[in-house]
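Welcome! Please take a moment to look over the sequence and the model, and then we can walk through them together.

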Amino acid sequence: MAKYQPKLDLTDWKRTSAQEVDKIMAIVAPELHSFIEEHASLSRLMDRVREGYDSEIYREALNQIGHELEHHFLFEEKYILSRLENHIPETEVGPIAKLKSEHDVIRKHHREALAMFEGHDPENPSQELIQKMGLLAYLLKKHIEKEDHYLFPLFSVILTEDEKRAIARDVNRPV
């Protein structure tokens, strides 16, 4: 019996354009722009992952995603979501819970993809690795779109000016 090979429906995949990023920046508070800039860079890299197997692009993507998980996700959780709790105290459902849950799912798939990549034959990549990288790229793109198009514009309105300034200060502080 053949092993089930799920196929991703990527018909809603859209390449990241500079014009789209500029428009998003126009509706997001300047204090949150560094997050949007990091998203744009990672999103373009995920576009390259989606083009097909390339060992060097996969390596670059896994390294960049790892960096994002250690910094960007942590900064969102520590500096933005913690302040959002002042306005949305519910953390078991809603935007705070959903973002943290998505971060956890992406972390899990990154770990799995990294383990597959480290043991793979560059000349003969497995279908599982290619599918895992496609899934990881898809999850990141959808997560980035959700944050950029919905959440960061809303956070820009919900958070106070003092909270936004504090986020910018915290993010620009050395870790």
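Is Arg59 buried, partly exposed or exposed? With a relative accessibility of 37%, Arg59 counts as partly exposed. Keep in mind as you look around that this is a predicted model.

Side chains of opposite charge can pair when their charged atoms come close. Across the whole structure, a search finds 12 salt bridges.

Some of these bridges reach much further along the chain. Arg83 and Asp170 meet in a salt bridge of 2.7 Å, N to O. This pair links distant parts of the chain, with Arg83 in helix H4 and Asp170 in helix H7 (residues 161-172), 87 residues apart. Both Arg83 and Asp170 are buried.

Another bridge, at 2.1 Å from N to O, joins the side chains of Glu102 and Lys146. Here too distant parts of the chain are linked: Glu102 belongs to helix H5 (residues 95-118) and Lys146 to helix H6, 44 residues apart. Glu102 has a relative accessible area of 13% and is therefore buried, as the limit for that is under 20%. Lys146, at 27% relative accessibility, counts as partly exposed. Elsewhere, salt bridges with shared partners join Glu77, Asp104 and Arg107 into one network.

Now let us turn to the rings. A search of the whole structure finds 4 aromatic pairs. One of them is formed by Phe75 and Tyr79, a tilted pair with 5.4 Å from centre to centre and 50° between the planes. Both residues lie in helix H4, 4 residues apart, or about one turn of the helix. Phe75 counts as buried at 12% relative accessibility, and Tyr79 counts as buried at 13%. In another pair, Phe152 and Phe155 have ring centres 5.8 Å apart and planes at 80°, so this pair is edge-to-face.

The search finds 1 cavity of 30 Å³ or more, and about 50 Å³ of space lies in the largest cavity. Its lining includes Phe152 and Phe155, along with Glu76, Ile80, Leu81, Leu99, Glu147 and Leu151. Helix H6 (127-158) and helix H4 (72-84) each supply at least two lining residues, and H6 gives the largest share, 4 residues. By type, the lining divides into 6 nonpolar, no polar and 2 charged residues.

Technical notes:
Residues are numbered from 1 along each chain as its sequence is written. This is a predicted model: local features need pLDDT of at least 70, side-chain atom pairs count only at pLDDT 80 or more; totals for chains, interfaces and linings use all residues. Side-chain values use heavy atoms; hydrogens and water are left out. On a 1 Å grid over the protein atoms alone, a cavity is a set of points where a 1.4 Å probe fits but cannot get out, and a pocket is an open set with protein on both sides within 12 Å along at least five of seven lines; lining residues have an atom within 4 Å of a point. Grid points are joined across faces, edges and corners, and a volume is the space filled by probe spheres set on the points. Ala, Val, Leu, Ile, Met, Phe, Trp, Tyr, Cys and Pro count as nonpolar, Asp, Glu, Lys and Arg as charged, and the others, Gly among them, as polar. Rings of Phe, Tyr and Trp (its six-membered ring) pair if their centres lie within 6.5 Å; planes under 30 degrees apart count as stacked, over 60 as edge-to-face and the rest as tilted. Buried means under 20% relative accessible area, exposed over 50%, partly exposed in between (1.4 Å probe, protein chains only). A salt bridge is a side-chain nitrogen of Lys or Arg within 4 Å of a carboxyl oxygen of Asp or Glu.
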